[in-house]
Amino acid sequence: MYKYIIRRILIFVPMLFALSVVVFALAKAAPGDPFTTMLDPNVDPEVYEERREAEGLNDPLPVQYYHWIWSTVQGDFGESLIYNGRPVLDLISARFLNTIYLGLVALFFTIIVAIPIGIYSARNPYSWLDYFATGFGFFGLAIPNFFFGLLAIYFFSIKMGWFPSQGTISGTDVAGMQEFFDRLHHMILPGITLGLAGTATYMRYMRSEVLDVLGSDYIRTAKAKGMTNRNVLYKHTLRNALIPIITLMGFEFGVLISGAVITERVFNYPGLGTLFLQGVINRDYPIVMALALIFGVFILVGNLLADIFYSVVDPRIRYD
Amino acid sequence: MNKKFWYLLIVLTLFAFLLVACNSDSGNEEPSDEDDQTEEPSDEDSDDGGEDSGEDDGGETASDEPKSGGELVGAMDTAPAGVYNPIFYSEAYEANILSFTHEALVSQNGSLEFIPQLAKEWKTNEDQTAITFQLEEGVKWHDGEEFTAEDVVFTYQTIADPGYTEAGGIRTEYVTPLVGYEEYVAGETDEFQGVTADDKYTVTFHFKEPNVNPLYYSSFTIIPKHIFEDIPVSEMPSHPATLDAGEVIGTGPFVFSDMVEREQYVLTRNDDYWNGKPYLDKITWKVVDQSVITSLLETGEIDFVADPNGVPAADYDMVAGYDNIEMMEQTDFGYQLMGFKLNYRTTEDAESGTINPDNWIENPDVADQQVRQAIAYAINRPGLVQGLLHGHGSVINAPIAQQFWAYTEDVPQYEYNPDTAAQMLDEAGYVDADGDGWRDTPEGEEWILDLAYPTGNKIRERSAPIIEENLEEIGINVNLGQASEFSAYIEDIMTNDDQNPEVDLYLLGWSLGSGDPDPNGLWNIEAAYNISRWNNPKSDELINKGLKTPEAFEQSFREQVYAEWQNLYATDLPAVLLYAQNKIYAYNERLQGVDPLPYSFINNPHLWWVNDAQ
């Protein structure tokens, strides 16, 4: 098992290297650079040319790549070209935890809603509640994120006043436990908004997986042995039904880290998604490349975790 | 099992509820107009309070005396990038904070005249090569140090520093006309002669040549020497005194004391403000998504929304209907245009960045002046203002901001008239020669105009197909391309403008500075931003004449020259000016003493007060 994990982690190195080349090539292939969008009739274009030269944007690409990858390996992601030379690492770390928390809340919401409903629907197929869940599933998938977010704000925040609508914290003067609850309070609406589509998907998956497993021979055997329905469900059905869900979650992990541009925007929740989007629009190469690499790492790690969890859920799966 | 069922039911009813809510109020939510500040930065210097506005009447509740105390919450739709240093900041959101915390020697008033701020009076020498300022005495920085002439010298010296541009600074226009700049920036001397401190409260700016508008060049916001003097210029942008709330030091009426980055920015009263203690205790900027701002205005959670985007024109009526909200509307400093690509550069020139009019290749598709005028007649500009801006804007015909003394209405107007347009095209020989329904060139060749436009500004995006329709109505075959993303777009029309891809018409907006109406930066033949590549020697002649000393010391002389230039522009038409948008400000009626400048909502915030202060 450990050998397997170490081997997988070692494979990360060449994969990340390949990823870095692709990321760099794509970033540089996009037309324009950070200074093309800065049009100010009061600023002599010469000034921008000097900045380009100073930032090394006029160097040959292999040289630029070398400089970038070498400092990245040393843990230095460079400085943002747009945020007036602020270190990329600072910009990312300021938002990283926000993104993680929001992702976890969304995931939590997804799991507590999707899995029970999925199971219920599978056990009582074609009941009115199953139909309702199916309807909700389509609703969740179909409604655009920003629209649902705005609805949630309008209804729960402005009309009912239950939740704050914007940001991650009420003010600069909350601290301690109060801060924890305040932050949690701020995360609920964006968390639900972000988790909605996932909830719908997982619910459908869960339903069909459980139905599938319930119809299989070993369940019939278990039932024939006189096992209670409860035991059949928890001991046999769930374990097997969860395997594909875990695969999905492995991917989901990376996706959640990469942030949710639209949810972040509607709720003004500063996270990595918005940072990445802004970086792309402004051609802020250091930010784009650093984030793309980080997202890559998380997707790889997510998949690795999924593989490891397989062996926990399904003892038949063994790695060596 | 039963229990679980009930939980489920609760969750599901909740969503059912939402579905119902969805039907009832979806009308309110307009997708926000994307802010497009990146391409249209102006040189707003975040000038705020002038000292001589004592006649401020505190809004319309004249019976109420201003009261001290109270707090205010402002909203901006995007978080500032985070550089709170006047010499390095670059965008309007940062300016929203700096306008409260920092000041300059001079500010501007409602008619854009320069008025005293940190300097109480000034004198120019005879040929306007030097201007001497007498500073306010007893002005204190937020940390208690005294503000002196040395701070002014230090600020300009830093901008002239050899390392300034490399560190990310772009404001060198303020120092280039000063004596000794070249030597200093080249590192040949340690002594910057452009700005000198004559004594503790007297400072003189020395210009290389007689200067038409010396006050403009001395209007840059001042930074504290005692904070920055030991920090190398290259480290200033990343220094805490630039980045961190509580460390940013200015002379302004409010202190930037606290922040939750990208969410809240807190300004607290500067009790020792030299121009009188501000009334308000605290002003908090909250970053709020555009689509939510109006609702929060209604609930009173935010008190005002102003620059740079204000209230979207489409929401004007709704917000005006709120009982607790006052609206204010004024013309923006700038305009949207549809440019004619008159000339292209050669590929070699574009690659090397050379701008040499001798090498330019004329674009035959729009070379005929009469054709350009016909196109101007064919575009329904009042329709754009009505339809896209809901009437909150104006049609303009001259490329100088309307607020300036230099702006003139007295130019060809091109009132919407498709018949005139068609007739003019007929006269110019652009008729349908091959019977395919589209006009052809006088030589009988196919005539297609390629219209390019960028994404970003939603209103501008929506104007493109309308313009296409207008032109097709009079038989012009317009090829409306896909909107491209702004960086790519600028490469196509400006950086690599070598006919590949072919662009005949382009949409763009400019934000103008409030300091001086000189159109050099945009319309000088060799200016990089002269994207039309308009090559009319007469224009350059007039633009230069407008700055020629000593005649140009007289404003009336400049006025006359610029009127002539605007006429030339409107006749030769390197671009059709489409519209100037209005800025729509909204604020809670509890806020009193608001007195916006043409270029900024924030003016004399130390005189703002709230009528419900305890």
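Modeller: Start with strand β19 of chain B. Leu505(B), Leu507(B), Gly509(B) and Ser511(B) point one way from it, and Tyr506(B), Leu508(B) and Trp510(B) point the other way. All of these residues are buried. In a regular strand the side chains alternate between the two faces of the sheet. Buried means that 20 or more other C-beta atoms lie within 10 Å of a residue's own; exposed means 12 or fewer, partly exposed is in between, and the C-beta atoms are placed from the backbone. Strands are DSSP runs of E with at least two residues, helices are runs of H or I with at least four, and both are numbered from the N terminus.

A word on the model itself. It is predicted: local features need pLDDT of at least 70, side-chain atom pairs count only at pLDDT 80 or more, and totals for chains, interfaces and linings use all residues. Residues are numbered from 1 along each chain as its sequence is written, while chains are lettered from A and ligands numbered from 1 in the order in which they are written.

Now its partners. Two strands pair if DSSP finds at least two bridges between them. Strand β13 of chain B, residues 334-340, runs antiparallel to β19(B), and 7 bridges join them. There, Gly339(B) has Tyr506(B) as its bridge partner. Strand β17 of chain B, residues 448-452, runs parallel to β19(B), with 2 bridges. Leu451(B) is the bridge partner of Leu505(B).

The largest nonpolar core has 241 residues. Such a core is a set of buried Ala, Val, Leu, Ile, Met, Phe, Trp, Tyr and Cys residues joined through C-beta atoms within 7 Å. Tyr506(B), Met206(A), Val305(B), Val576(B) and Ala586(B) touch the most other members. Take Val576(B). It touches Leu337(B), Met338(B), Ile375(B), Ala376(B) and Ile379(B), leaving out residues up to four places away in sequence. Touching, or contact, means that C-beta atoms placed from the backbone lie within 7 Å.

Next, Tyr416(B). This residue is in the loop between β16 (393-394) and α13 (418-427) of chain B. Asn380(B) is 36 residues from Tyr416(B) along the chain, yet their C-alpha atoms are separated by 5.3 Å.

Chain B also has an open sheet of 4 strands. Their order is β4-β5-β7-β6, with antiparallel pairing. The edge strands, β4 (119-124) and β6 (195-199), each pair on one side only. β4(B) pairs with β5(B), residues 130-135, over 5 bridges. Lys123(B) stands opposite Thr132(B) in β5(B).

Finally, turn to chain A. 48 of its residues are in contact with 57 residues of chain B. Helix α6(A) gives the most to this side of chain A, with 6 residues. UniProt, in an unreviewed entry, places "transmembrane region" at several spans of chain A, including 131-156 and 287-310. Residues 131-156 of chain A are 92% helix, with end C-alpha atoms 26 Å apart. Residues 287-310 of chain A are 100% helix, and their end C-alpha atoms are 35 Å apart. UniProt positions follow the numbering used here, feature names are shortened, and annotations may be inferred rather than shown by experiment.

Technical notes. Two residues are in contact if their C-beta atoms, placed from the backbone, lie within 7 Å.
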